[in-house]
Amino acid sequence: MDAEQVWKLWRRLLRDETLQQQLFQAQGATQWLQHFPEDERTILQAYAGQFDRVKWFVENYQFRLVNSFTNALETGAPLTLRALINIGLDLPTLSRTFLREHDWFDFGPRVYGYCDAVLEFLLERQELADHPEIRDLIGLERECVHLYTGLMDVAVPVPGRYQRTAQARLHHSRFALSHWLRDKTQLGRGPLEPACQHILVYLPNPEARHKFTLISPQAARLYADLEQPRLLEDLASHAPHDGDDLAVLGKLHQLNAIRMPA
């Protein structure tokens, strides 16, 4: 047997539920193998000869992945996880649904990428149709995830211009998420007041975890205008000049959201 092909077929067996069902239901019989290429038949016949041990490995692989769904949320979106628990969502069932949609893909150490995929999946779930506040919270925590995954994309400083850093992200909420951020025991419990809030996710320093802070509409406007590095006069041209612009830019700088001109 070719070692590489044995490995690839094993990986396929771990993820392909149709193939698993054929193998396990055959109970060691090999008639079902006739439609496979000869080289694959040889390998699958070896697996069929010890299908009970193969089944044990497959079930353990799936058990680990089902748990890793929750672990990914715990790492990248703990507030969302707590809100989902508080509304009584069946996380193991959701996890299996997600994993089947992704053919039981193992994200391995890419925990934040895994979490981002889970959050995207949750946004489309009918189970959250009656919980728009939690969907808003998911949007906030996706910004947290993108903050960490974007830390390697460090922009080269542009002399003389204001520009964003990789240490912050901005979420425009549709509900007063600040209530849940202040009192995490209430996550997911009851409706929130509809309110447009500008929530900055930022890293106080390279060793710290992210924090949240509300910023003003003016600060949000200036931050949005800095999608590309700009001179101060370029920023002022997008709206009537406000004498507070420099103070607001200074505050965004203190929060590590922007870089000031050298």
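User: What makes up the lining of the largest pocket by class, in nonpolar, polar and charged residues?

Analyst: The lining has 10 nonpolar, seven polar and six charged residues. Ala, Val, Leu, Ile, Met, Phe, Trp, Tyr, Cys and Pro count as nonpolar, Asp, Glu, Lys and Arg as charged, and the others, Gly among them, as polar. The model is predicted: local features need pLDDT of at least 70, side-chain atom pairs pLDDT 80 or more, while totals for chains, interfaces and linings use all residues. Residues are numbered from 1 along each chain as its sequence is written, and side-chain values use heavy atoms, leaving out hydrogens and water.

User: Which residues lie nearest the centre of the largest pocket, and which element gives the most to its lining?

Analyst: R164, T165, A166, A168 and Y223 lie nearest the centre, among 23 lining residues. β2 gives the most, with four residues.

User: Why are α5 and α8 called roughly antiparallel?

Analyst: Helix α5 (residues 78-86) and helix α8 (residues 132-149) pack at about 160°, with axes 9 Å apart. Angles under 35 degrees count as roughly parallel, over 145 as roughly antiparallel, 65 to 115 as roughly perpendicular and the rest as oblique. The pair is therefore roughly antiparallel.

User: What makes the contact between α5 and α8?

Analyst: Contact means heavy atoms within 4.5 Å. On α5 the residues are P78, L79, T80, A83 and L84, and on α8 they are I134, L137, I138 and E141. By class, this contact has seven nonpolar, one polar and one charged residues.

Methods: Axes fitted to C-alpha atoms, helices over the stretch in contact; angles between N-to-C directions. Helix = DSSP H or I, 4+ residues; strand = E, 2+ residues; numbered from the N terminus. 1 Å grid on protein atoms, 1.4 Å probe; cavity = no way out; pocket = protein on both sides within 12 Å on 5 of 7 lines; lining within 4 Å.
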